[in-house]
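Let's take a walk through a protein model together. Keep the picture open while you read, and look for each residue as it comes up.

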Amino acid sequence: MRHFLTTEDWTRAELQRWLDDARELKTNPLQPRLRGKSIALLFFNPSLRTRTSFELGAHQLGAKAIVLEPGKGAWPIEFEDGAIMDGDAEEHVREVARVLSRYCDAIAVRAFPKFQDWSVDREDRVIRQFAAHATVPVINMETIVHPCQELALMLTLQERLGGPQATDGRKFVLTWTYHPRPLNTAVANSALMIAAKFGMDVTLLCPESRYVLDDRYMRAALRSAQAQGRQLHVTHDIAEAYDGADVVYAKSWGALPFFGDWARERPIRDEYKHFIVDAEKMRRTAGGGQGYFSHCLPARRNIKVTDEVIDGPRSLVIDEAENRLHVQKAMLSALLA
Ligand code: CP
């Protein structure tokens with residue numbers, strides 16, 4: 001039994017098999033490969049795409065998905081070992097994980113950081129505790145990484161760039177963008193890792209060094225890049241980053257040095273609204289402005305990206321969202337079949 005907590009645990013070849021299968025499932029969506037099986041979907045945070053695509057994907061494979069929202073229709077859960085449970089939590093993850101394992105064939109979890117202390121949040125305790133105590137595969141639906149989004153992004157790029165090897169050597173730019181609130185670094189961590197794992201030359205564009213991502217993910221991306229003979233480059237120069245880019249991937253995130261102290265970060269972040277992805281910047285991309293744009297969604301229009309770019313012919317946001325469905329079905333098929 002293997003969990004799908006992060007793509008770091010899986011090789012490029014293993015992930016490519018899922019992407020190949022996702023293409024087949026995209027052509028023939030109704031395949032009862034998981035008839036009679038079930039999956040518990042635990043949402044500690046809101047979702048549109050993840051919930052819809054997992055529920056629908058299970059249905060299309062002949063499986064049953066059960067959505068649970070701990071603290072809202074399901075009992076609040078305690079995660080600390082040895083806790084004296086005199087607070088809000090009614091049961092411990094040790095029971096929850098094992099009970100759900102008796103009912104279901106997989107447990108999928110969405111649990112964002114608490115945004116108070118990065119040294120605590122970076123331990124990813126909620127999903128790690130489920131993985132420790134469950135006796136069925138545990139799947140990450142976004143915690144401090146978002147591996148399902150990674151698969152969807154890579155399938156989308158392979159479709160547009162020309163196949164499984166077509167990403168090799170292409171310039172992938174992950175650009176920080178402004179957002180009025182500090183957001184999770186999960187998708188940013190993930191975008192760096194998957195682009196590097198699939199042989200892209202990766203550039204991280206962010207306003208200043210305080211917006212560089214956690215060293216764990218920078219190192220993971222660097223290891224992949226070096227293994228593929230590629231580069232991981234950090235820049236704060238917008239023009240340099242966009243020049244010749246094949247793909248511009250946008251995401252906002254809170255600067256880690258200010259984690260939990262967001263009032264201090266706000267005036268700094270407010271200085272960088274010009275990192276918005278717009279047509280002028282996209283004109284610098286490969287082929288005289290033929291670079292692709294994408295984002296995981298949800299995206300605030302005219303804050304992170306202009307209408308012109310997100311609605312433009314090189315925008316991949318809807319394809320990437322659709323591909324969540326196909327890649328997750330392939331992943332579920334592999335883990336549960
Ligand atoms: N991209 C993504 O995970 O979307 P949701 O938050 O709507 O699930």
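The contact between the two takes 33 residues from domain 1 and 43 residues from domain 2. Keep in mind that you're looking at a predicted model.

How much area is buried between domain 1 and domain 2? It comes to about 3100 Å², and carbon and sulfur atoms give 55% of that. On the domain 1 side, the residues that lose the most area to domain 2 are Arg12, Phe115 and Trp118, which together make up 25% of what that side buries.

Which elements give two or more residues to the side of domain 1 that touches domain 2? They are helix H1 (12–27), helix H4 (118–121) and helix H14 (317–336). H1 gives the largest share of that side, with nine residues. Sort the residues of this side of domain 1 by type, and you get 14 nonpolar, six polar and 13 charged.

Salt bridges show up here too: there are four between domain 1 and domain 2. Elsewhere in your search, look for arginine 122, which forms a salt bridge with aspartate 214, with the closest N and O atoms 2.9 Å apart.

**Around the ligand**

Next, zoom in on the ligand. The residues around it are Ser47, Leu48, Arg49, Thr50, Arg110, His146, Gln149, Cys296, Leu297 and Arg324. Let's pick out a few of these and look at their atoms. Leucine 48 uses its backbone: an N or O atom there lies 2.7 Å from an oxygen atom of the ligand. With arginine 49 it's the side chain, where an N or O atom is 2.9 Å from a ligand oxygen. Threonine 50 also has a polar side-chain atom by the ligand, 2.6 Å from one of the ligand's oxygen atoms.

**Links within the chain**

The salt bridge count comes to 23. One to look at is between the side chains of arginine 94 and aspartate 81, at 3.0 Å from N to O. Arginine 94 sits in helix H3 (residues 93–103) and aspartate 81 in the loop between strand E3 (77–78) and strand E4 (91–92), so this pair ties together parts that are 13 residues apart in sequence.

Now hop over to aspartate 311, in the loop between helix H13 (307–310) and H14. Its side chain is joined to that of arginine 301 by a polar contact of 2.8 Å. Aspartate 311 is also 18 residues from phenylalanine 293 in sequence, and their C-alpha atoms are 10 Å apart in space.

Now check phenylalanine 115, which has a positive phi of about 65° although it isn't a glycine. You'll find phenylalanine 115 in the loop between strand E5 (106–110) and H4.

What kind of peptide bond joins leucine 297 and proline 298? It's a cis bond, with omega at about 5°. Proline 298 is placed in the loop between strand E11 (292–294) and H13.

Key:
Residues are numbered from 1 along each chain as its sequence is written. This is a predicted model: local features need pLDDT of at least 70, side-chain atom pairs count only at pLDDT 80 or more; totals for chains, interfaces and linings use all residues. Side-chain values use heavy atoms; hydrogens and water are left out. Contact means heavy atoms within 4.5 Å. Buried area is the accessible area (1.4 Å probe) that two parts lose on being put together, summed over both. Helices (H or I, at least four residues) and strands (E, at least two) are DSSP runs, numbered from the N terminus. Ala, Val, Leu, Ile, Met, Phe, Trp, Tyr, Cys and Pro count as nonpolar, Asp, Glu, Lys and Arg as charged, and the others, Gly among them, as polar. A residue is near a molecule or strand if one of its heavy atoms lies within 4 Å of it. A polar contact is a pair of N or O atoms within 3.5 Å; within protein, one must be able to donate a hydrogen and the other to accept it, and residues adjacent in sequence count only if both atoms are side-chain atoms.
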